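Morning, everyone. Let me put the model on the screen, and then I'll walk through its surface patches and its charged pairs.

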Amino acid sequence: MNVLIVSQCSKNALVETRRILDQFAERKGDRTWQTAITMQGLETLRRMLRKKARRNTAVACHWIRGRNHSELMWIVGDASQFNSEGAVPTNITSRDILRREDENDWNTLDALALLASIAGLFHDFGKANKRFQDKLNPKKKKKPLSEPLRHEWISLRLFMAFIDDLEDMEWLEKLNLVSPEMEQDLLEKLEKDISVRPKAPLKKLAQHQPLALTVAWLIVSHHRLPVFPKDHAQIVPYLDEIDEWLTDDFNAGWNSPQLYRSDWGPVEWQGVWDFPHGTPLRSKIWRSKACSLAKRALKANSLKSHPGLSDLYTSHLARMVLTLADHIYSASQPTAAWQDKSYKAHANTDRKTEQLKQKLDEHNLGVAHHAYLLARRLPDLSKQLPAITRVKALSKRVTLNRFRWQDKAYDLAKSLGPRSEKQGFFGINLASTGCGKTFANASIMYGLANEKRGCRFNVALGLRTLTLQTGDAFKEKLRLDKEDLATLELIHKLRRFSCM
């Protein structure tokens, strides 16, 4: 095949691109190359370009099919340097006069970001207790293997002691004026659970504190969603009673099975509610960040009328960004700027060295900071993720009669594409075994997607062997490499692969 390669790179990216392209093709100008090459060689070239791509990289490859006819094969790097056919514009302007890209329909985005960030400030307060700190301390010869209550539950109790009976705007005002002297009052009002079935803490919040209820739910569920403890329940609720259980009978047993051990003594329970280094309220840097977030929350009109936990969409997205921020920052290196040197409690240890890693005040600040940033980026997330584009195999007409239905399905999906961007799409594919449902589903997703932005989808399968076979078939038929398709094995034996 005869190809023409055009480079719109700049700065150091142009130098690196020229070095790679000169190994495969002959220069026809400062920014163009032409050569005859096999498909395997072209895939190798693309892989090398993607490996060395920088922010200023922009390379387009055209397949010269005949006289006055060429076809865009792929673009590596900044696709905005070319149009949908791979042509380079004569003139461009960087002025976004209409600013259409700045608009979105995320009406609760501000509330989502603030709720997740405030929950991040308190989410690991429970790790300040003596038993957890002893478990982290590498100098302790006899470390406690577990605690009667997990740190999420203790963090929930500390947060509730902080807000007490204040209305939502009142406890936000208190957070705005937070001081180290408030810790003594917090510990005096702290309800210390020492029984097998602690009282339901969310019932009081559900009455007149919708924002506090949402933050409390985020704190207690940031590692695992609440699951009804069937093994220890007297009556299994029906579906319409789940909400009542969450507020009326919710207890620590759902994620703390060790709570039901009979050998917990007064010493163990005392270690749960003893905080030798105090809470992060003692940290000056934590208090500064808390004041900043509280001021934003007090000014946010979306929070003043927010329904709280009944807004399931906002609540679950807030939990998603909080959990993701927790994973991201826990894997990061410590940030000295977020540490108060006088505060000694730690949040975690290094997995390799088993030495103390992040300070507790720093960890809570880092998670709150990243949760806020992640939430604000949600509207633009789909534009920033990589996607597969210009895959001819997904739009190619079939040749066998028993597969003709795939062409009709693709055409229908193509016609619904513009509407699905605004309204979404839900489809059920019913066909006999051997009719090509899996590949047809990929064609349908490709038809629904905007071809200029590309297509990205997940396929979830229940069998490991079937997942591997399907992934290999997609790689072969669609000519995708490991950067375009990933095969993953998830928890609970759920397998999937992603095309991107």
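Start at Leu430, in the loop between helix 18 (404–423) and helix 19 (437–448). Helices here are DSSP runs of H or I with at least four residues, numbered from the N terminus. Before going on, the ground rules. This is a predicted model: local features need pLDDT of at least 70, side-chain atom pairs count only at pLDDT 80 or more, and totals for chains, interfaces and linings use all residues. Residues are numbered from 1 along each chain as its sequence is written, and side-chain values use heavy atoms, with hydrogens and water left out.

Back to Leu430. Leu430 is exposed, at 78% relative accessible area. Exposed means over 50%, buried under 20%, partly exposed in between, with a 1.4 Å probe and protein chains only. Leu430 forms a nonpolar surface patch with Phe426 and Ile428, about 460 Å² of accessible area together. Patch members have over 30% relative accessible area and no salt bridge; nonpolar side chains (Val, Leu, Ile, Met, Phe, Trp, Tyr) are joined within 5 Å, like charges within 9 Å. Areas are Shrake-Rupley, 1.4 Å probe, with only the protein chains shown as cover for residues.

Next, charge. Arg47, Lys51, Lys52, Arg54 and Lys482 gather in a positive surface patch. Lys and Arg count as positive, Asp and Glu as negative; His and chain ends are not counted. A charge is placed at NZ of Lys, CZ of Arg, CG of Asp or CD of Glu. Lys51 sits in helix 2 (residues 39–51). Lys51 is exposed, at 68%.

Now salt bridges: a side-chain nitrogen of Lys or Arg within 4 Å of a carboxyl oxygen of Asp or Glu. How many are there in the whole structure? The search finds 18. One joins Arg376 and Asp110, at 3.3 Å, N to O. Arg376 is in helix 15 (residues 360–376) and Asp110 in helix 3 (residues 109–122), 266 residues apart. Arg376 is partly exposed at 36%, and Asp110 is partly exposed at 28%.

Asp124 pairs with Lys127 at 3.2 Å. Both Asp124 and Lys127 are buried. Lys130, Asp134 and Lys140 are linked in a salt-bridge network.

Last, Asp311. Asp311 is buried yet has no salt bridge; Arg376, the nearest side chain of opposite charge, is 14 Å away. What does the Asp311 side chain join in a polar contact? The side chain of Thr314, at 2.7 Å. A polar contact is a pair of N or O atoms within 3.5 Å; within protein, one must be able to donate a hydrogen and the other to accept it, and residues adjacent in sequence count only if both atoms are side-chain atoms.

Key
Helix = DSSP H or I, 4+ residues; strand = E, 2+ residues; numbered from the N terminus.
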